[in-house]
Amino acid sequence: MTTPIIISRKQLLVEVPGLKPETLGYLLRNREANGLAEYGAVLRPGKEFLFDLEAFIAFLRSKKA
């Protein structure tokens, strides 16, 4: 089992260059309704958001058009 890669919002936007800050904000605000919360991709220690990179990418891939 690999250790999850936990990154900041800024690092996430670098790792996923097609993701716009506005889209990320929308996904975070609606994470319960859009299923992002179920993936365990978002961590919230205090006021900041951290992300499990692999879980976040899995979430994005699940949203194929």
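Helix H4, spanning residues 53-61, lies across strands E1 and E3 and runs at about 75° to E3. Helices (H or I, at least four residues) and strands (E, at least two) are DSSP runs numbered from the N terminus; axes are lines fitted to C-alpha atoms, for helices over the stretch in contact, with angles from 0 to 180 degrees between N-to-C directions. The model is predicted, so that local features need pLDDT of at least 70 and side-chain atom pairs count only at pLDDT 80 or more, whereas totals for chains, interfaces and linings use all residues. Residues are numbered from 1 along each chain as its sequence is written, and side-chain values use heavy atoms, without hydrogens and water.

The three strands form an open sheet in the order E1-E3-E2, with antiparallel pairing. Because strands E1 (6-8) and E2 (42-43) stand at the edges with a single partner strand each, one side of each has no neighbour in the sheet. Strands pair if DSSP finds at least two bridges between them; E1 and E3 (residues 50-52) are antiparallel and joined by three bridges. Ile6 has Asp52 in E3 as its bridge partner.

Asn34 belongs to helix H3 (residues 31-34) and counts as buried at 17% relative accessibility. Buried denotes under 20% relative accessible area, exposed over 50%, and partly exposed in between (1.4 Å probe, protein chains only). Neighbours within four places in sequence aside, Asn34 is in contact (heavy atoms within 4.5 Å) with Leu27, Phe59 and Lys63. Its side chain also reaches the backbone nitrogen of Leu36 at 2.9 Å.

Gly35, in the loop between H3 and E2, is buried, with a relative accessible area of 13%.

Note on methods:
A polar contact is a pair of N or O atoms within 3.5 Å; within protein, one must be able to donate a hydrogen and the other to accept it, and residues adjacent in sequence count only if both atoms are side-chain atoms.
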